Amino acid sequence: MTINLNNYGLTPTLKATADQQPTMTLARVTAQHREFYQVITATGELTAMVSGHQRHQASGNVDFPTVGDWVLLTATDSDQAQIQTILPRQSVLVRGAAVGDGQGQLIAANLNTVFICMSLNANFNVRRIERYLTMVWESGAQPVVVLTKADVTNNLAEQLAELEPVTIGVPVISCSAEMGTGLSELTPYLKAGQSVAFIGSSGVGKSTLINRLMGAEVMTTKTIRSADAHGRHATTHRQLLRLPAGAVVIDTPGMRELQLVAGDLDRSFVDIATLAAKCHFRDCQHETEPGCAVRKAVEAGELSPERLASYRKLQREMQYQGMDARQLEQAKVARMFGSRREMKKFLKSARPGGLV
Ligand SMILES: Nc1nc2c(ncn2[C@@H]2O[C@H](COP(=O)(O)OP(=O)(O)OP(=O)(O)O)[C@@H](O)[C@H]2O)c(=O)[nH]1
Ligand SMILES: [Zn+2]
């Protein structure tokens with residue numbers, strides 16, 4: 001069997017890199033089950049494991065393969081392929097830490113586009129989009145906002161206007177998988193060689209959308225799932241699938257539970273970052289400092305207070321994420337006492353002999 005890896009997103013650059021190691025086999029990871037990886041090579045599908053050497057060299061989760069990775073394999077006597085190298089990633093979606101610190105859980109690699117899905121019904125929430133955007137910018141992939149279930153809203157224009165300030169430089173598409181409208185706007189991102197993913201809350205219609213694009217029921221949607229109890233056979237869930245349009249869709253189990261814990265706030269809040277550059281103090285917290293351009297913009301009605309609040313909240317969350325246990329404890333105490341100085345005063349007084 002020969003398989004054209006171009007159909008699985010192989011690029012000339014990757015091919016050239018792989019050709020420098022002619023003794024090894026180029027493959028893409030299509031699924032992961034604990035330490036076993038399903039991979040596809042030019043001659044077919046295989047199961048592979050990480051080589052002892054690679055495992056030994058690894059300094060964190062980022063050094064282990066994930067779905068979407070391009071890897072180089074060697075075969076061992078036992079016919080069990082071994083992953084020796086992970087080729088440089090173009091992007092990587094991580095949960096639980098910043099991409100750089102190596103500890104988070106890898107969700108998928110080498111995505112070109114991540115579709116952030118949100119439905120236009122009661123689920124519509126601008127603040128949630130800010131979170132997802134932050135995470136996708138951090139991954140290195142291009143975010144595209146997809147507003148689903150366009151058939152259930154009657155204030156689309158209003159919702160779009162509400163989104164505009166948070167989606168600076170990000171394409172926004174509205175569609176209905178039910179009616180089949182707006183789907184063609186996704187096609188520029190679905191060309192051969194592209195790898196994409198759909199993220200967003202449960203029930204927003206990601207599976208329905210993927211099924212529509214596949215032109216077949218490959219994903220089990222909510223309605224089908226409820227029928228499972230009555231004996232209907234569930235489709236096996238594939239973690240990497242090819243769309244008729246040419247692109248590859250990556251849909252790992254972790255993709256469904258994505259939450260923000262790390263991200264690139266300067267990209268998702270480029271408006272605030274731009275304003276902050278004009279603050280008098282370089283480390284301005286936009287609280288009470290004089291010459292604060294951010295607060296000035298809020299007062300002038302140019303920046304919504306909700307957006308600033310949301311920025312602060314995400315910033316705080318991320319700060320806590322990056323802290324070790326000792327720092328977290330200190331931050332907690334500092335919050336309790338209002339300031340470090342107050343805390344020190346208290347600790348001093350609490351020490352035996354400290355209180356007279
Ligand atoms: N009205 C309307 N309903 C839709 C549309 N797309 C999906 N739905 C419905 O929304 C429900 C959830 O759809 P799913 O595709 O299972 O949602 P999901 O995002 O894949 O959910 P998870 O698998 O839990 O992540 C189903 O009952 C769909 O029929 C749409 O365009 N319009
Ligand atoms: Zn400021």
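Strand β2 (residues 36–41) and strand β3 (residues 44–50) pair in the antiparallel sense over five bridges. Strands here are DSSP runs of E, at least two residues, and helices are runs of H or I, at least four residues, numbered from the N terminus. Two strands pair if DSSP finds at least two bridges between them. Within this pair, Ile40 stands opposite Glu45 in β3.

This is a predicted model, where local features need pLDDT of at least 70, side-chain atom pairs count only at pLDDT 80 or more, and totals for chains, interfaces and linings use all residues. Residues are numbered from 1 along each chain as its sequence is written, chains are lettered from A and ligands numbered from 1 in the order in which they are written, and side-chain values use heavy atoms, with hydrogens and water left out.

Both β2 and β3 belong to a barrel. Five strands close it, in the order β1-β2-β3-β5-β4, with mixed pairing. The twist averages 55° from one strand to the next. Angles run from 0 to 180 degrees between N-to-C directions, and axes are lines fitted to C-alpha atoms, for helices over the stretch in contact. Strand β1 (residues 25–33) pairs with β4 (residues 70–75) in the antiparallel sense over four bridges. There, Thr25 has Leu73 of β4 as its bridge partner. Strand β4 also runs antiparallel to β5 (residues 81–86), joined by five bridges. Leu72 is bridged to Thr85 in β5.

Next comes the open sheet. Six strands form it in the order β10-β9-β8-β11-β13-β12, again with mixed pairing. Its edge strands are β10 (172–174) and β12 (240–242), each pairing on one side only. Here the twist averages 25° from one strand to the next. Strands β8 (residues 113–119) and β11 (residues 195–199) are parallel, with four bridges. Phe115 has Phe198 in β11 as its bridge partner. Helix α3 (residues 126–139) lies across β8, β9 (142–148) and β11, at about 170° to β8. Contact means heavy atoms within 4.5 Å.

Last, the largest pocket. Its space is about 380 Å³. Of its 18 lining residues, the closest to the centre are Gln32, Pro65, Thr66, Gln105 and Leu106. Strand β7 (residues 105–109) gives the most to the lining, with three residues. A pocket is an open set of points on a 1 Å grid over the protein atoms alone, where a 1.4 Å probe fits, with protein on both sides within 12 Å along at least five of seven lines; lining residues have an atom within 4 Å of a point. Domain 1 (5–88) and domain 2 (95–99 + 107–257) both give residues to the lining, so the pocket lies between them.

Methods
Grid points are joined across faces, edges and corners, and a volume is the space filled by probe spheres set on the points. Domain bounds come from an automatic or database domain assignment.
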